Amino acid sequence: MIIDLRSDTVTQPTPAMREAMFSAQLGDDVLGDDPTVIALETQAASLFGMEASLFCASGTMTNQLAIRTHTRPGDDVICDYLSHVYQYEGGGISVNALASVSLAHGERGKLTPALIRDYIHNPTDSHKPLSRLVVLENTINKGGGCYYTVPEIAAIRKVCDEHGLILHLDGARLFNALVETGEPTGAYGQLFDSISICLSKGLGCPVGSLLLGKASFIQQARRFRKLMGGGWRQAGFLAAAGIYALDHHIDRLKVDHSRARKIGAILERLPEVEDILPIETNIVIFKLPETILAADYVKTLETKGIRSVAFGKHLVRFVTHLDFTDEMLVEMETIINRNLSKS
């Protein structure tokens, strides 16, 4: 048995999702007439109370389209140092938007109103770029799956309004946050100018993300998507998976969170585990001592049938998902107990 906890992107479509994909009605999305893509975009926009949405290949694409559309060359983007848009999108802010970045250092990647105020440039100072956009991430990948609540976001929105700043959400794992807080999706639509949601992580689709916002914003983002080579034709096969996921895979995220916490309890018994970040959703990050490199530890786990990711020199990450079962959890505990008995 291979226990693959490298990411929640490794899932396979469920039989029911495959059936939905195979039976999808198709058109040409570049020409604007794929009915299943239209249905997915309409459903997602409606879910968050926003005017329109755009179906794209990846969360990186939706984030980069948002930044490119919201900013002008030379503008400044405020985000946390740990944020995905800075750490894992290939320098796209500078390449795609020709924008600069102000990097805050929040607690586990979370920005606060005070932090954001510290990085807003004086618009009359010609030495500084114009502060234009604030990007939040929910949940925060490198923060161990921690999340913002609506009141926390509302306080940040107030600062943005006071200074004329645009607010974008990298909501790659937004639904993981929502099932924990029980907060309504509509509240997010009211607080953010744009939202990116990923279908291929916790929701278990094979590929795809959505960018949500005002109709005029989405129209411009669609143009930039084409410029980036992101137009696709009979995309309804993939859109059907997204519709199925939105209908069936949100509430079950609580199961992933429960299993992640159980993994945390197992890891607490390991002598080499120095610390575990608080487990709030489906991400488990733990720290090894200085004498053990994460890359070596990950290789050792692989030999025992457990796949993980080195998340720093001495950090290892597990991510639970719909293909990680209770049977695998029991097997994982057995493997760890077996190794404890040998130590």
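Q: Where does E183 lie in this predicted model?
A: E183 sits in the loop between α8 (174–181) and α9 (185–191). The model is predicted.

Q: How do you know that E183 has no salt bridge?
A: The nearest side chain of opposite charge, K110, is 9.9 Å away. A salt bridge needs a side-chain nitrogen of Lys or Arg within 4 Å of a carboxyl oxygen. E183 is therefore buried without a salt bridge.

Q: What makes the pair of V150 and E183 a polar contact?
A: The backbone nitrogen of V150 lies 2.9 Å from a polar atom of the E183 side chain. The cut-off for N or O atoms is 3.5 Å. The pair therefore counts as a polar contact.

Q: Which residues does E183 touch, not counting those up to four places away in sequence?
A: E183 touches T149, V150, P151, L178 and Y188. Y188 in turn has its own list of contacts, including F48, N138, L169, L174 and I195.

Q: Which residues touch the most other members of the largest nonpolar core?
A: They are F55, L136, Y188 and I195, in a core of 53 residues. Helix α11 (residues 236–248) gives the most to this core, with seven residues. Another core lies apart from it, with 26 residues, among them I3, F324, L329 and M332.

Q: Why is α8 called mostly covered?
A: Six of its eight residues are buried. They are L174, F175, N176, A177, L178 and V179. Buried means under 20% relative accessible area. The cover includes α2, β6 (166–171), α9, β7, α11 and α12.

Q: What follows α8?
A: G182 follows α8, and its phi is positive, near 70 degrees.

Q: How many salt bridges does a search of the whole structure find?
A: The search finds 18. D4, R6, E302 and R307 are linked in a network of salt bridges.

Q: What makes R222 and E41 a salt bridge?
A: Their side chains meet at 3.7 Å, N to O. The limit is 4 Å, so the pair qualifies.

Q: Why does the pair of R222 and E41 tie together parts of the chain?
A: R222 lies in helix α10 (residues 215–227) and E41 in helix α2 (residues 35–47), so the pair ties together parts that are 181 residues apart in sequence.

Q: Are D193 and R157 buried or partly exposed?
A: D193 is partly exposed, with a relative accessible area of 26%. R157 is buried, with a relative accessible area of 12%.

Q: What makes K287 and E274 a salt bridge?
A: Their closest N and O atoms are 3.2 Å apart. The cut-off is 4 Å, so the pair qualifies. K287 is in strand β10 (residues 283–287), and E274 is in the loop between α12 (253–267) and β9 (275–276).

Q: Why do K287 and E274 count as partly exposed?
A: K287 is at 30% relative accessibility. E274 is at 49%.

Terms used. Residues numbered from 1 in each chain as written. Predicted model: local features only at pLDDT ≥ 70, side-chain atom pairs only at ≥ 80, totals over all residues. Heavy atoms only, no water. Helix = DSSP H or I, 4+ residues; strand = E, 2+ residues; numbered from the N terminus. Buried < 20%, exposed > 50% of the residue type's maximum accessible area, 1.4 Å probe, protein only. Lys, Arg positive; Asp, Glu negative; His and termini not counted. Polar contact = N/O pair within 3.5 Å; in protein donor to acceptor, adjacent residues only side chain to side chain. Contact = heavy atoms within 4.5 Å. Core = buried A, V, L, I, M, F, W, Y, C linked by side-chain atoms within 4.5 Å.
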